[in-house]
Amino acid sequence: MAVLLDIKNASKRYGDQVLLESASATITDDGKVGFVGRNGAGKSTLLRVILGEEELDSGEVIRHPRLNLGYLRQHDPFLPGETALAFLMRDSGQSDWKCGEVAGQFELKTRHLEGPVATLSGGWQTRVKLAALLLHEPNLLLLDEPTNFLDLRTQILLEHFLRGYKEACLIVSHDRAFLAATCDQTLDLSRGKLTVYPGKIDAFLEFQKEQRLHVDRTNAAVLTKRKQLEEFIARNRARASTASRAKSKSKQLERLEVEEVALDSPTAAIRCPMVSPRKGPAVRCRGLSMGYGENAVASGIDVEIVHGSRAAIVGDNGQGKTTFLRTLVDSLQPLAGEVKWGYGCEIGIYAQHVYTSLPAEQTVLDYLERAAMIGTKSQQILDLAGAMLFRGSAVNKKVSVLSGGERARLCMAGLLLGPFNVLVLDEPGNHLDVETVDTLAEALLDYRGTLIFTSHDRSFMKTVATNVVEVKDGRVLNYLGDYAAYLAAVTGEIDAAEANAGNEKVTRFKQPAKKQPDSKQPDRRQVAQQPATAIAETALRSERDIRKEITTLERTIARLDSEKRQSSAVLLAAADPAEALRVYNEMTAVSEKLTAAEERWLLLQEMLNQ
């Protein structure tokens, strides 16, 4: 076991903010370490110090002489118009076949590899960056929020890769389920101190909780003892016969100290709307077909969600989860069938097309006061504003100057103060740190209304969901099981796919092996020199033609795939139904061409193999 990094007495501050204060930790080559801590605690700063991009105010970081770091950054390192393959070759200096071979470990093939990397989704771009890291052959991977933008399947693929990765890792993440699946040690940064815990994140959190309970119990005992001593001293100080005993007790009192319990930042105070519980169906879909124009994303939908349930809408990216939510809340008109809400349903909506249309002239406090139920106390409004990171003078900021993330948090705060007995939430954990997401989950457990939501946060889904609705392959169905069963099913599908693909190689970029001539078979050069038959000549020409057509098709597939992704991004942001219909029609036409091109490519590959 070698020590790759030894952090000794590290101190770092920005102005009055102390990030590191005499902090020490050791990273060895035999483990995968989950790096946790509140937002703003200094995790990213420490990573920059390890990378040599920043210096400590005092202390040192001792690096092993053979340390080779690989760093997964949050920002994009790609050049304009650059393909994934071109980036891998530029970044690593390796040949195309080597880059293709490593990229294949992350299912980066054909159009994903040869199309513009800027048009790939966040999840695919993360795969490209991971492939680039491996090409440098690091012995310590530094991953900064690697699950950002990843759907469930891609998260699980990344987990499988990291579990099989033989070198050390230091992973910064707010996704506790991901850390639990990949890391066997935990590094915590709190109040400027580093704590290395030799166990998984769940065990560390339990240890942390027990430590706080122990401190609370100890402090309670100390305070009780202090009170007894103070009473004794007060009774006996004035008497000559007991004055010496009182003086002795005073010295004992001076030695009694309570242990300070400090928190990194205020704990979020979130309460959901206080509503009366209802019974029966909250919403029914009968013969529902949803989509854009004449093009259905899903049809034949017969789904019922009852009052009081917390229904998780699940499915891969692009299957239609957001389309289903928009159809439920009448943001998108059904193509056929009906959506019928129960009597007395007051629906609150959290989605991009809602929080982008907040009143620009209002301040944060103005908006929350207007959104709150009658009788809501001012302190409750301020508490929730603080939980959503609007603290102090920030409550006087106008909506017009808020960022997208700030508007999203403001919209969420308004919903939680309102009178809604049905909440429809599309990715409610976005723009919130992990502690606030945990508090939101606890608040939703106490909510007596109906919740319909989507999320990529598995811990949040497991905690909150009571039932699952799956959007898949043009259908929307009540899943016969809870979220844990759904998660197990997706994991099983991925395991089966990986087992089937275990022996496959990326042949397009594989370095050709030198082959010894078979004495029983004539060398091709000899065949070429001999008089060839018309059939042999035709076969050679056919092979050349097939390879030429495959190359042309691959360029076409990359271009069509890029166009489809661009249309998909525009479609998600479209608020105008007419514009959404136009974009959807364009995307459908491109998808049909793409499917035809891919089918032709597969056919030609089969012919070439034969």
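In this predicted model, Ser22 is partly exposed, at 40% relative accessibility. The residue lies in strand β2, which spans residues 17-28. Asn9 sits in strand β1, residues 3-14. With a relative accessible area of 49%, Asn9 counts as partly exposed, because the exposed class begins only over 50%. Most residues other than glycine have a negative phi.

The protein as a whole comprises 20 helices and 18 strands. Of its 610 residues, 44% count as buried. Among contacts with a separation of 6 or more, 71% are between residues 24 or more positions apart.

Strand β10, residues 281-292, is joined to β11 by eight bridges. Within this antiparallel pair, Met290 of the model stands opposite Ala298 in β11.

The largest nonpolar core has 54 residues. Five of them touch the most other members: Leu368, Met388, Phe390, Leu410 and Phe453. Helix α14, residues 404-417, gives the most to this core, with eight residues. The surroundings of Phe453 draw on several stretches of the sequence listed here, residues up to four places away not being counted. Phe453 touches Arg310, Ala311, Ala312 and Ile313, as well as Leu425. Its contacts also include Phe460, Met461, Val464 and Ala465. A second core is separate and has 38 residues. Among its members are Leu150, Leu158, Phe161 and Leu162.

Thr363 lies in the loop between α11 (352-355) and α12 (364-371). Despite this loop position, Thr363 counts as buried, at 14% relative accessibility. The cut-off for that class is under 20%, so the value of 14% falls within it. The side chain of Thr363 makes a polar contact of 3.0 Å with the side chain of Asp366. Beyond four places in sequence, Thr363 touches Val395, Asn396, Lys397 and Lys398.

Cysteines were also examined. Cys99 is buried, with a relative accessible area of 0%. Cys285 is buried too, at 1%. A search of the whole structure finds zero disulfides. A disulfide is a covalent bond between the sulfur atoms of two cysteines.

Terms used
Residues numbered from 1 in each chain as written. Predicted model: local features only at pLDDT ≥ 70, side-chain atom pairs only at ≥ 80, totals over all residues. Heavy atoms only, no water. Disulfide = S-S within 2.5 Å. Buried < 20%, exposed > 50% of the residue type's maximum accessible area, 1.4 Å probe, protein only. Pairing = 2+ DSSP bridges. Helix = DSSP H or I, 4+ residues; strand = E, 2+ residues; numbered from the N terminus. Core = buried A, V, L, I, M, F, W, Y, C linked by side-chain atoms within 4.5 Å. Contact = heavy atoms within 4.5 Å. Polar contact = N/O pair within 3.5 Å; in protein donor to acceptor, adjacent residues only side chain to side chain.
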